[in-house]
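Try each one yourself before reading the solution.

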Amino acid sequence: MITLKWKDVVLRALEPADLDFLYKLENDESVWEISNTSTPYSRYILKQYLDNSDQDIYSVKQLRLVITLASNNRSIGFVDLFDFDPKHQRVGLGIVIFEEADRGKGFASQAIEMICRYAFTHLNMHQLYVNITGDNKRSIELFKKVGFSRTGIKKDWIYSDGKFKDEHLFQLTKDVL
């Protein structure tokens, strides 16, 4: 396996041509809860983000890669590393497969496994973590499937749709993978 290409999926750097896809995803309210967003983004702001996306993870403490299909290079989502902490060798992980038709086909698990290997191998991380609301059963099962373990619950942590939700903390350490 090449670190950022495996089976059906390729993880690649952001390109200027990703502006429309990024704009569509960031402004879709159905994903705002998982991205902790509550306002739309302008094309101007997203273009600036793309223009600066070449900055090193050590300076900006985050990395976003586009998930594309190996067969046709179609973009289907994003995977993010955030809160990069080289001292404590940990980083947060987020993923979104945008279209429902692309979910449940193994693309997300391939992308997660690749980004974990990348973080452990190239960034010398000891652990990755994810935060998932308790009602997001699909994501919980996905992360369990790739080896993450639930290590904690933050009660009433996320306020969404007029109610509070628990947020579950899952972790994966280098020795498990």
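**Exercise 1.** How do the residues of the lining of the largest pocket divide into nonpolar, polar and charged?

*Solution.* Keep in mind that this is a predicted model.
- Start with the space itself: the largest pocket holds about 1600 Å³.
- The lining is made of 50 residues, and Ile34, Ser35, Gly94, Ile95 and Val96 lie nearest the centre.
- Now sort the lining by type: 24 residues are nonpolar, 14 are polar and twelve are charged.

**Exercise 2.** Which elements give two or more residues to the lining of the second largest pocket?

*Solution.* 
- The volume of the second largest pocket is about 230 Å³.
- Its lining has 13 residues, with Asn52, Ser53, Asp54, Gln55 and Gln62 closest to the centre.
- Helix H4 (57-60) and strand S3 (63-69) are the elements that supply two or more lining residues.
- By type, the lining of the second largest pocket splits into six nonpolar, four polar and three charged residues.

**Exercise 3.** Classify the ring pair of phenylalanine 82 and tyrosine 129, then decide whether each residue is buried or partly exposed.

*Solution.* 
- Searching the whole structure gives six aromatic pairs.
- For phenylalanine 82 and tyrosine 129, the ring centres are 6.0 Å apart and the planes meet at 80°, so the pair is edge-to-face. The cut-off for that label is an angle over 60 degrees.
- Phenylalanine 82 belongs to strand S4 (residues 75-85) and tyrosine 129 to strand S6 (residues 127-133), so the pair ties together parts 47 residues apart in sequence.
- With 26% relative accessibility, phenylalanine 82 is partly exposed, while tyrosine 129, at 15%, is buried. The boundary for buried is under 20%.

**Exercise 4.** Which arginine lies over the face of phenylalanine 78?

*Solution.* 
- Phe78 forms one aromatic cluster with Phe21 and Phe98.
- Arginine 64 lies over the face of phenylalanine 78, at 5.0 Å from the ring centre.
- Elsewhere, arginine 43 lies over the face of tyrosine 23, with 4.1 Å to the ring centre.

**Exercise 5.** How many bridges join S6 to strand S8, and how many join strand S7 to S8?

*Solution.* 
- S6 and strand S8 (residues 163-173) run antiparallel and are joined by seven bridges. Threonine 133, for instance, has glutamate 167 in S8 as its bridge partner.
- Strand S7 (residues 149-160) also runs antiparallel to S8, with eight bridges. Here glycine 152 is partnered with leucine 169 of S8.
- Finally, look at the turn: the hairpin of S7 and S8 has two residues between the strands, and aspartate 161 takes a positive phi near 55°.

Conventions. Residues are numbered from 1 along each chain as its sequence is written. This is a predicted model: local features need pLDDT of at least 70, side-chain atom pairs count only at pLDDT 80 or more; totals for chains, interfaces and linings use all residues. Side-chain values use heavy atoms; hydrogens and water are left out. Rings of Phe, Tyr and Trp (its six-membered ring) pair if their centres lie within 6.5 Å; planes under 30 degrees apart count as stacked, over 60 as edge-to-face and the rest as tilted. Helices (H or I, at least four residues) and strands (E, at least two) are DSSP runs, numbered from the N terminus. Buried means under 20% relative accessible area, exposed over 50%, partly exposed in between (1.4 Å probe, protein chains only). A charge sits over a ring if NZ of Lys or CZ of Arg is within 6 Å of the ring centre and within 35 degrees of the ring normal. Two strands pair if DSSP finds at least two bridges between them. On a 1 Å grid over the protein atoms alone, a cavity is a set of points where a 1.4 Å probe fits but cannot get out, and a pocket is an open set with protein on both sides within 12 Å along at least five of seven lines; lining residues have an atom within 4 Å of a point. Grid points are joined across faces, edges and corners, and a volume is the space filled by probe spheres set on the points. Ala, Val, Leu, Ile, Met, Phe, Trp, Tyr, Cys and Pro count as nonpolar, Asp, Glu, Lys and Arg as charged, and the others, Gly among them, as polar.
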